[in-house]
Every structure is written in C-alpha cells, then in structure tokens.
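Please examine the structure shown below and keep it in view while reading. The paragraphs that follow lead through its charged pairs, its rings, its surface and its backbone.

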Amino acid sequence: MEQLCYIALSCLLAIVLLYGLLELHYFLRMCLCVLLARFIKRRCHILETTSVNGLCLSNDVDTLLYHMNNARYFRELDFARVDFYERTQLYSTIRRLGGSVFQGAATIRYRRFIRPFQRFIIESRIIYWDEQSLFMEHRFLRPSDQFVHCIAICRQRVIDVPMDTVMAELLAKTPLQASRHTLSSTASLQPVGMGSGTPMPQTALEAGQAENGHVATAGGTPAPAAATATTAYSIKMKPPLPPELCKWIEYNEMSSKNLRSGC
C-alpha cells in the first residue's frame with residue numbers, strides 16, 4: 001500500500017512538472033485539435049470558412065480587468081489555424097511541394113470583452129494570397145447572436161514554393177463541388193474557356209501572371225496545357241484584394257524597409 005502511494009505521488013509530481021515546464025494542457029489540446037480535424041471533422045474546400053469552439057477558462061483571464069487576456073486571443077488562433085490547415089489539406093500540400101509555412105505578421109482589433117467561462121467560436125477563412133503569402137481572417141463570435149468580439153488578420157509566409165502553385169493545386173481538387181462553400185459570391189468556379197471549347201486568351205493569362213509576380217520563362221517557352229488551365233483557374237478563383245488589407249500590407253512593407261535601413 002505504501003508503495004502504491006509513492007507511485008501515485010511520483011506520477012502526480014511528474015504531471016505537475018510537465019505542466020509547469022511544457023504547459024501540458026496546450027500540447028494536449030493541440031494534439032486533440034489535430035486528431036479531430038484529421039479524422040473526425042469533414043474535409044473543407046480551401047476557400048471555405050472553418051470554425052472551432054473555445055471557452056474562456058480561469059487561466060485565460062486578465063486578473064485586473066476580469067476578462068480574457070489580450071494575448072490569449074493569439075494563442076487561441078493557433079488551434080483555429082491548425083484546424084484550418086488540416087481540414088483543407090493546406091499544410092500537407094505545402095509540405096508535399098517542398099515548402100514550409102510560418103506566421104509572418106498579425107494584427108487584431110478588439111470590440112468587446114470575452115468574460116470568464118464564456119463560450120466563443122473562431123471562424124477562419126482565406127481573404128487573399130500573393131506569390132509568397134497567404135492572408136487569413138479570424139473572427140471571434142458569440143454563439144448566441146454571432147456578435148463579433150474581435151477580428152484578426154494574419155499573414156502566413158510560404159517559402160520554397162510559390163503560393164500560387166499551392167492554391168492552384170488545392171482549387172483544382174474540388175472545382176465544381178465547392179460552389180456552396182467558397183467565400184466570394186462573385187467568383188466563378190468555372191475556369192476561363194471551360195464548357196465553350198475556347199482556350200483562355202494569352203493576354204488574360206499574362207495579366208494574371210503579372211499580378212501574381214510571375215516571370216516569363218527564358219526563350220518564351222509556352223507552359224503545358226494542363227499547367228495553363230490550372231493557373232487560369234487559380235486566377236479566376238482568386239478573391240479581390242480588400243482595401244483594408246491593402247493598407248495593412250503597405251504598412252508592413254514600410255516597416256520592413258525602415259528596419260532594413262536601420263531605423
């Protein structure tokens with residue numbers, strides 16, 4: 001009996017030590033989030049909005065102001081982002097193409113407190129992408145009336161693979177079935193020229209390549225027909241750049257220039 005008590009005490013001390021050094025509940029929740037997204041929840045189209053549930057616990061509370069600590073919002077975004085990556089197969093596609101992704105920038109605007117033990121929903125979606133980055137919007141919603149507690153915009157930098165290549169592959173997987181899930185109500189799911197037997201005009205393709213930062217291949221070698229169709233489809237599905245995001249990108253570029261110049 002005494003030996004069992006020592007074993008139980010040792011296990012308890014080990015758990016406390018792991019909790020203190022590794023923040024065990026964070027890693028356990030992250031593992032649960034990955035397992036649910038990968039094996040339980042349904043697959044989503046890359047332009048679909050995904051959602052995860054959250055609860056403001058006592059360790060999330062700002063002691064002085066009695067509401068969810070401002071830094072905890074960004075922490076909750078980790079789980080929302082992982083859920084989105086897994087359900088849309090975004091991360092696996094980037095890795096399969098030889099690239100990697102990391103957080104490059106983030107901004108958040110608070111509107112109303114999230115109180116202790118209050119439930120919330122985080123909705124995540126892609127609002128834009130360019131050659132090197134993916135821009136995501138996250139909204140913290142109150143389940144009862146969908147009130148937006150705060151809104152965050154994050155820039156995910158993708159390296160070693162063009163973002164347009166990643167998006168073209170993901171968009172081509174479920175082109176017609178995704179019409180109910182896409183974010184933009186004005187974007188057509190039908191590639192240019194599909195159904196009419198008419199190929200996409202070269203001028204339109206060149207315009208899309210210029211917009212996304214592509215450089216023509218040496219000698220003007222034309223791209224294969226399949227690659228041309230995939231690129232055209234990606235350009236057709238690309239949402240317009242929101243004006244507020246344009247200003248934020250401009251701010252980030254100015255900040256980068258100032259840092260490079262030593263300011």
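With a relative accessible area of 5%, Glu48 is buried; here buried means under 20% relative accessible area, exposed means over 50%, and partly exposed lies in between, as found with a 1.4 Å probe and protein chains only. This is a predicted model, in which local features need pLDDT of at least 70 and side-chain atom pairs count only at pLDDT 80 or more, while totals for chains, interfaces and linings use all residues. Residues are numbered from 1 along each chain as its sequence is written, and side-chain values use heavy atoms, with hydrogens and water left out.

Which residue meets Glu48 in a salt bridge? The partner is Arg42, with 2.4 Å from N to O. A salt bridge is defined as a side-chain nitrogen of Lys or Arg within 4 Å of a carboxyl oxygen of Asp or Glu. Arg42 is partly exposed, at a relative accessible area of 46%. The structure holds eleven salt bridges, and two further examples show how such pairs can join separate parts of the chain.

One of them is formed by the side chains of Arg72 and Asp60, at 3.5 Å from N to O. Arg72 belongs to helix H3 (residues 70-88), whereas Asp60 is in the loop between strand E1 (50-55) and strand E2 (61-62), so the pair ties together parts that are twelve residues apart in sequence. Helices (H or I, at least four residues) and strands (E, at least two) are DSSP runs, numbered from the N terminus. Arg72 and Asp60 are both buried.

Another salt bridge links Arg125 with Glu137, whose closest N and O atoms are 2.9 Å apart. Since Arg125 lies in strand E5 and Glu137 in strand E6, this pair also ties together parts that are twelve residues apart in sequence. Arg125 is partly exposed, with a relative accessible area of 25%, while Glu137 is buried, with 6%.

The rings come next. A pair of aromatic rings is described by the distance of the centres and the angle of the planes. Rings of Phe, Tyr and Trp (its six-membered ring) pair if their centres lie within 6.5 Å; planes under 30 degrees apart count as stacked, over 60 as edge-to-face and the rest as tilted. The structure holds eight aromatic pairs. Among them is the stacked pair of Tyr85 and Tyr91, with 6.3 Å centre to centre and 15° between the planes. Tyr85 is buried, at 12% relative accessibility, whereas Tyr91 is partly exposed, at 37%.

Why is the pair of Phe120 and Phe140 called tilted? The ring centres are 5.7 Å apart and the planes stand at 40°, so the pair falls into the tilted class. Phe120 is in strand E5 (residues 119-129) and Phe140 in strand E6 (residues 133-141), so this contact ties together parts that are 20 residues apart in sequence. Phe120 is buried, at a relative accessible area of 0%, and Phe140 is likewise buried, at 0%. Together with Tyr73 and Tyr110, these two residues form one aromatic cluster.

Rings also meet charges. Arg29 lies over the face of Phe79, at 3.9 Å from the ring centre, and the charged end of Arg112 sits over the ring of Phe147, 4.3 Å from its centre. For this contact, NZ of Lys or CZ of Arg must be within 6 Å of the ring centre and within 35 degrees of the ring normal.

On the surface, Leu17, Leu18, Leu21, Leu22 and Phe27 form a nonpolar patch with about 510 Å² of accessible area together. Patches are made of residues with over 30% relative accessible area and no salt bridge; like charges are joined within 9 Å, and nonpolar side chains (Val, Leu, Ile, Met, Phe, Trp, Tyr) within 5 Å. Accessible areas come from the Shrake-Rupley method with a 1.4 Å probe, and for residues only the protein chains shown count as cover. Helix H1 (residues 2-22) gives the most to this patch, with four residues.

Finally, consider the backbone. Most residues other than glycine have a negative phi, and most peptide bonds are trans. Gln89, although not a glycine, has a positive phi of about 60°; Gln89 lies in the loop between H3 and helix H4 (90-96). Phe117, also not a glycine, has a positive phi of about 65° and lies in the loop between strand E4 (100-110) and E5. Gln89 is partly exposed, with a relative accessible area of 28%, whereas Phe117 is exposed, with 59%.
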